[in-house]
Amino acid sequence: MERHFDEELKVLHKDILQMAALTQEAIHKSIEALKNREKAMAQGVIDADGKIDALELVIDELCIDLIARHQPMAGDLRFITTGMKINAELERIADLAVDICQRVLEIVDKPLLKPLVDIPELSVIAQRMVRDAIDAFINKDVELAKKVVLSDPQADNLRNKVQAELLNDYLARDPKAADRAVPLLLIARHLERICDHTTNIAEDIIYMVEAKVVRHHPEEL
Amino acid sequence: MAKILTKNLNLWYGTFHALKDVNSSFRPNIITAIIGPSGCGKSTLLRVFNRMNDLIEGVRTNGEVIIDKENILEPKADLVPLRKKVGMVFQRPNPFPLSIYENIVFGEKVHAESTNRDKLDEIVETSLKSVLLWDELKDKLRRPALGLSLEQKQRLCIARLIAVKPDVLLMDEPCSTLDPQATARIEELMRELKNDYTIIIVTHNMQQAARVSDDTGFMLLGELIEFAKTDQIFTAPQDKRTEDYITGRYG
């Protein structure tokens with residue numbers, strides 16, 4: 001039976017996809033700004049964050065409104081509560097893109113400490129994980145969501161590698177390099193945090209589709 | 001350990017097969033809700049538990065309904081103690097056209113061989129206290145029960161059951177004639193009563209089932225489709241038919 005409620009759930013679905021698209025764009029631009037040392041692009045991401053924050057509030061309000069008016073159950077309830085959580089995770093990811101851009105602005109006028117190799121690789125992993133998580137949400141694809149969760153250690157390893165290299169090969173040898181090394185350390189940290197939030201999204205999608213809690217229970221994957 | 005067990009329970013009204021191979025286990029001292037669309041058999045199942053269906057002509061049952069290790073469907077089952085042990089509250093409160101006092105002691109007078117005034121007074125006080133009516137009505141015990149508000153009448157009917165010390169309270173849409181505030185108060189009462197009684201409620205109000213019950217059974221066309229903890233039924237039902245019903249897609 002067609003329900004009017006389904007139309008309202010479609011609006012929520014569409015808004016979450018818009019939030020995801022804006023977040024993906026913020027990450028993409030923050031990484032381009034870093035790679036190409038583009039000040040204006042970094043500033044653009046920072047300036048556009050207000051739009052994402054505003055949309056987060058709209059989605060939150062819509063979810064609360066749907067719960068209050070429809071008192072959803074079962075799959076509907078899981079979709080709305082997961083939608084709220086995904087919304088919050090996406091907003092945090094967008095904030096991390098802003099953080100990356102702030103670090104870019106800190107180093108953009110200074111000579112590059114070293115050629116960027118691992119950080120762009122980490123950014124590729126982060127972008128792929130975000131894209132796969134959103135695809136998993138659209139297609140209710142549990143296998144793809146699991147793949148996202150299982151990719152997270154790869155990001156952790158790469159971030160540790162970047163950290164060890166910057167600390168041992170640069171900061172330990174030349175403490176004056178701190179103003180160029182620390183922003184890179186933080187960027188690696190921001191990218192790794194993006195992967196963590198994306199992992200949360202993927203875990204939420206598994207709950208939404210299968211009502212299975214894998215968060216803090218990796219053995220359930 | 002289950003308070004009530006049904007094993008391959010079938011019931012027919014004439015040729016109409018109203019309950020089909022119902023297997024269920026009702027835990028003691030909790031509230032179990034039975035939900036399902038009109039005509040699914042939920043009230044029929046409830047009425048099996050104190051053999052109220054026997055009053056309907058052409059009813060035939062087979063299978064087992066075990067309450068405290070005794071199959072109550074056995075022909076030799078004694079219905080008087082059964083209906084004392086398993087009491088029922090109906091959709092519309094149905095106090096007798098007697099005083100509040102006489103309503104409550106009615107069962108005791110029927111069941112007890114001798115009664116004395118002090119004992120009856122004590123039963124009235126205890127029963128009214130357990131449904132939180134004592135303070136309101138202690139000075140009006142001789143007034144006609146039919147003059148009470150709907151909610152008070154429903155509480156009085158519950159007090160009348162409690163007076164004969166049942167184990168199980170069956171409630172068939174007990175709040176459907178009450179406003180939201182009165183409904184909330186009856187639900188609160190149910191939560192208090194479950195410490196002492198096993199409560200089974202039939203309700204069309206899914207939010208009510210979700211709010212008050214510990215276990216929930218979903219019935220459809222005479223079959224018990226799914227029976228599980230309430231939080232599971234309302235967040236992650238296992239059967240698509242349950243999901244369709246509770247999310248309003250059924251029909």
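Predicted model: local features only at pLDDT ≥ 70, side-chain atom pairs only at ≥ 80, totals over all residues.
The buried set of α4(A) consists of A:I119, A:L122, A:S123, A:I125, A:A126, A:M129, A:V130, A:A133, A:I134, A:A136 and A:F137. Because these residues cover an arc of only 160° around the axis, they lie on the same side of α4(A). The spacing behind such a pattern follows from helix geometry: an α-helix has 3.6 residues a turn, so residues three or four places apart point the same way.

The length of α4(A), which covers residues 118-139, can be checked against its residue count: at 1.5 Å a residue its 22 residues should span 32 Å, and the end C-alpha atoms are 31 Å apart, in agreement with that expectation. Just after this helix, A:K140 takes a positive phi of about 50°.

The next helix, α5(A), can be treated in the same manner, since its 30 residues should span 44 Å at 1.5 Å a residue and its end C-alpha atoms are 43 Å apart, which again agrees. Its buried residues are A:A145, A:V148, A:V149, A:A155, A:L158, A:R159, A:V162 and A:L166, a list that includes the arginine A:R159. These buried residues of α5(A) pack against α4 and α6 of chain A.

Which residues does A:A133 contact once its neighbours within four places in sequence are left aside? The partners of A:A133 are A:A145, A:V148, A:T198, A:I201, A:A202 and A:I205; of these, A:A145 and A:V148 are among the buried residues of α5(A). A:A133 also stands out in the largest nonpolar core, which has 127 residues and in which A:A126 and A:A133 touch the most other members. The largest share of this core, 14 residues, is supplied by helix α3 (residues 74-107) of chain A.

Seen as a whole, chain A has 6 helices and 0 strands, and from the N terminus on its elements run α-α-α-α-α-α. The C-alpha trace of chain A spans about 70 × 40 × 20 Å along its principal axes. Its radius of gyration is 19 Å, which agrees with the value near 17 Å that a compact globule of 221 residues would have. Of those 221 residues, 38% count as buried, and among contacts between residues at least 6 apart in sequence, 79% join residues at least 24 apart.

Chain B has another make-up, with a secondary structure that comes to 10 helices and 10 strands. Its radius of gyration of 18 Å is close to the 18 Å that the globule rule gives for 251 residues, so chain B is as compact as a globular protein of that length. The C-alpha atoms of chain B fill a box of roughly 55 × 45 × 35 Å along the principal axes, and 42% of its 251 residues count as buried. Residues 24 or more positions apart account for 67% of the contacts in chain B with a separation of 6 or more.

Where the two chains meet, the contact takes 12 residues from chain B and 11 residues from chain A. On the side of chain B that touches chain A, α8 (206-212), α9 (230-235) and α10 (240-246) of chain B each supply at least two residues, and that side has, by class, 5 nonpolar, 5 polar and 2 charged residues.

B:I123, in helix α4 (residues 117-130) of chain B, is buried, because 22 other C-beta atoms lie within 10 Å and the threshold for burial is 20 or more. Not counting residues up to four places away in sequence, B:I123 touches B:I104, B:V105, B:E108 and B:A163, while B:Y101, 22 residues apart from B:I123 in sequence, is 9.7 Å apart from B:I123 in space, C-alpha to C-alpha.

The other two residues are in loops. B:N29, between β2 (16-26) and β3 (31-35) of chain B, has a positive phi of about 55° although it is not a glycine, and with 14 C-beta neighbours inside 10 Å this asparagine counts as partly exposed. B:K69, in the loop between β4 (59-67) and β5 (70-71) of chain B, likewise has a positive phi, of about 70°, without being a glycine; B:K69 is exposed, with 7 other C-beta atoms within 10 Å.

Key
Residues numbered from 1 in each chain as written. Chains lettered and ligands numbered in written order. Helix = DSSP H or I, 4+ residues; strand = E, 2+ residues; numbered from the N terminus. Rg over C-alpha atoms; globule rule 2.2 N^0.38 Å. Buried ≥ 20, exposed ≤ 12 C-beta atoms within 10 Å, placed from the backbone. Contact = placed C-beta atoms within 7 Å. Nonpolar A, V, L, I, M, F, W, Y, C, P; charged D, E, K, R; others polar. Core = buried A, V, L, I, M, F, W, Y, C linked by C-beta atoms within 7 Å. Expected span 1.5 Å × (residues − 1). Arc of directions from axis to C-beta.
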